[in-house]
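Colleague: I am new to this structure and would like to know what stands behind the terms used for it. Please show me the structure and take my questions in turn.

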Amino acid sequence: MARTRYASDPGLIARMGATMFLIGLVFTGFFIALYFALFEYGKSKGGGAGDGLVVIVVLIGLVAAFISYYWSDKIALNTARARLVTPQQEPKLHGIIDRICALADMPKPRVAISPVSMPNAFATGRSSKVAVVCVTEGLLQRLDDKELEGVLAHEMSHVAHKDVAVMTIASFLGIIAALLVRFAFYSELFGGGRGRGGGRGGNNGNALPVILIVMVIGMVVYAISFLLIRLLSRYRELSADRSGALLTGQPSALASALVKVTGDIARIPTRDLRQAEPLNAFYFTPALSGQKGQTSLSNLFSTHPSLEKRLAQLDKISKQLGSSAGS
Amino acid sequence: MGFLDALLGRTKPVPPNLDALFALPSAAITLQAATDFTPTGTGSVCFRAAEGKAFSDIEKEVRELLNMGEDKTPVEVSADSYGFTWLVCHHSANDIEGLVTDLHAVNSSLENGGFGPQLLCTILGFRDEAGHPLGLVYLYKRGTFYPFAPQPGERRDNATELRIRGALGDDLKIEPDLGRWFPVWGAPGV
């Protein structure tokens, strides 16, 4: 039996699994709490003020998640003003991706270039059949071929891990909770018996606490799920770094690309990048990265792990690959 | 890749499938009978060198191993512009079996060193009477073959490639997905 040098990282997998489990747990707890607040509590008080609201919110959330899932590639490409390129137009880029596909046994994604001078790359698309890998012109100019290959291998790992699907499903909970808070807030402001007919008229006093409870649940769930989703996103970035580095066998090339790209991005003023924000979760490095000495609190909220953490992981892989002992 | 692996972001490098290579000698005979393509006696193995001493040690070992045999031209090593390494072996045109054995030795050395996933492809070179080149490309990760007929100016002779597919369909497992017939421009040995 052939030996393998590609040790998996059980710690990373365990942490990611735990995060997903927590997201699932919060999701379940959220609906149980909603159920009790709306139906049990509402029934005992004689008013059913919020149940219709929840149905509407869940429906809107489903539609929003569905749209961002099905049209993720088009939305992302439009936002980045990217255009698809053929092998004739970009033989080098296609050649590198061809070889990564052959090494990784993956179907070839479409390739796009975004006319942005900031060096970055992202992958999107709900399945590997419709996936698009997009690089910016700034990236093509600044990186050499080895570094470009490392970045592309990282993006292809996102495609292989189905990160668009995983993150869409994970974000669904957050969307629902946020919508619920907003709707509950507005129905409290303007609702006041309008549209609910006579059934509610006499019980106006009871509807208020139910809506308030729903709002509080929504806010708490939104806060927790926001942190968990960011955590999940950071773990998936580390995973993609890891898979990409192992695929090309060149962790150092990816590390040097990371240093180049993050160094450049941090220097460029971020004010005109507001439209890049929705894409951040799928970028190679976040476009709106903070100052040099990031505090641990801002790390908690960021979609990408800190540069130090990513470089440390790549160092470890490089050592594993180079050790003559194998294992 | 399994559902759980995708969910946990745990892609493992794909191990190569090595034994299908030994179908090449009989396929070469079929190809000679059905078309006017004959083997050139040149074959090459392409892999992605990993960084670090462990890999360079193995690479050196492989070169020494292949150069040891008597009355052989030594293997050539070349790097292409994509950062991949090619080991090119030359044999006489009618010794395809010896050539395939050499190519297989490269594979097994890399695999025994734990670098099997670094293997990209193996190419066996052919020529027709007019001198047009043809490569039979073996994709390690798919365990499948496909023909690659390059023409000057980075164009491919798709008609010839499809004709070869028809001729070899019974001897080799031809890659069914045409989208994976990746071009390998300027490959040594084609």
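**Terms and the values behind them**

Modeller: In chain A, 74% of the contacts with a separation of 6 or more are between residues 24 or more positions apart. This is a predicted model. Chain A has twelve helices and four strands, and 45% of its 327 residues count as buried.

Colleague: How do you know that the length of α12(A) agrees with that of a helix?

Modeller: Helix α12 of chain A runs over residues 307–322, which is 16 residues. At 1.5 Å a residue they should span 22 Å, and the end C-alpha atoms are 22 Å apart, so the two agree.

Colleague: Which residues of α12(A) are buried, and what puts them on the same side?

Modeller: A residue is called buried if 20 or more other C-beta atoms lie within 10 Å of its own. In α12(A) this holds for R310(A), L311(A), Q313(A), L314(A), I317(A), S318(A) and L321(A). They cover an arc of only 160 degrees around the axis, and therefore lie on the same side of α12(A). The face turned away from that buried side carries the exposed residues E308(A), A312(A) and K319(A).

Colleague: What span is expected for α3(B), and what does it reach?

Modeller: α3(B) has 15 residues, for which 21 Å is expected at 1.5 Å a residue. From its first C-alpha to its last it reaches 21 Å. The buried residues of α3(B) are A54(B), F55(B), I58(B), E59(B) and V62(B). Down the axis of α3(B), its buried residues fall within an arc of 135 degrees, so they line one face. K53(B), D57(B), K60(B), E64(B) and N67(B), on the other side of α3(B), are exposed.

Colleague: What do the buried residues of α3(B) pack against?

Modeller: They pack against α12 of chain A, together with β3 and α4 of chain B.

Colleague: How many residues does each chain give to the contact?

Modeller: Chain B gives 38 residues and chain A gives 45 residues. On the side of chain B that touches chain A, α1, α3, α4 and β4 of chain B are the elements that give two or more residues. α3(B) has the largest share, three residues. By kind, the residues on that side of chain B are 18 nonpolar, ten polar and ten charged.

Colleague: Why is β5(B) called largely enclosed?

Modeller: Strand β5 of chain B covers residues 133–139, and six of the seven are buried, so the rest of the structure largely encloses it.

Colleague: What makes β4(B) and β5(B) a pair?

Modeller: Two strands pair if there are at least two bridges between them. β4(B) and β5(B) have seven, in the antiparallel sense, so they count as paired. L124(B) stands opposite L136(B) in β5(B). The two strands form a hairpin with five residues between them, and G131(B) in the turn has a positive phi of about 90 degrees.

Colleague: How many bridges does β5(B) have with β6(B)?

Modeller: Five bridges, also in the antiparallel sense. V137(B) is opposite Y146(B) in β6(B). Four residues lie between the strands of this hairpin, where G143(B) takes a positive phi near 70 degrees.

Colleague: Which residues have the most contacts inside the largest nonpolar core?

Modeller: That core has 95 residues, and those with the most contacts inside it are I100(A), C134(A), M156(A), C121(B) and V137(B). Leaving aside neighbours within four places in sequence, V137(B) is in contact with C121(B), I123(B), F145(B), Y146(B), F148(B) and V184(B). A second, separate core of 34 residues includes F30(A), L53(A), L180(A) and L238(A).

Colleague: Why is R163(B) called partly exposed?

Modeller: R163(B) has 16 other C-beta atoms within 10 Å. Buried needs 20 or more and exposed needs 12 or fewer, so a residue in between is partly exposed. R163(B) lies in helix α5 of chain B. R163(B) and A34(B) are 129 residues apart in sequence, and their C-alpha atoms are 9.9 Å apart in space.

Conventions:
Residues numbered from 1 in each chain as written. Chains lettered and ligands numbered in written order. Predicted model: local features only at pLDDT ≥ 70, side-chain atom pairs only at ≥ 80, totals over all residues. Expected span 1.5 Å × (residues − 1). Arc of directions from axis to C-beta. Contact = placed C-beta atoms within 7 Å. Nonpolar A, V, L, I, M, F, W, Y, C, P; charged D, E, K, R; others polar. Core = buried A, V, L, I, M, F, W, Y, C linked by C-beta atoms within 7 Å.
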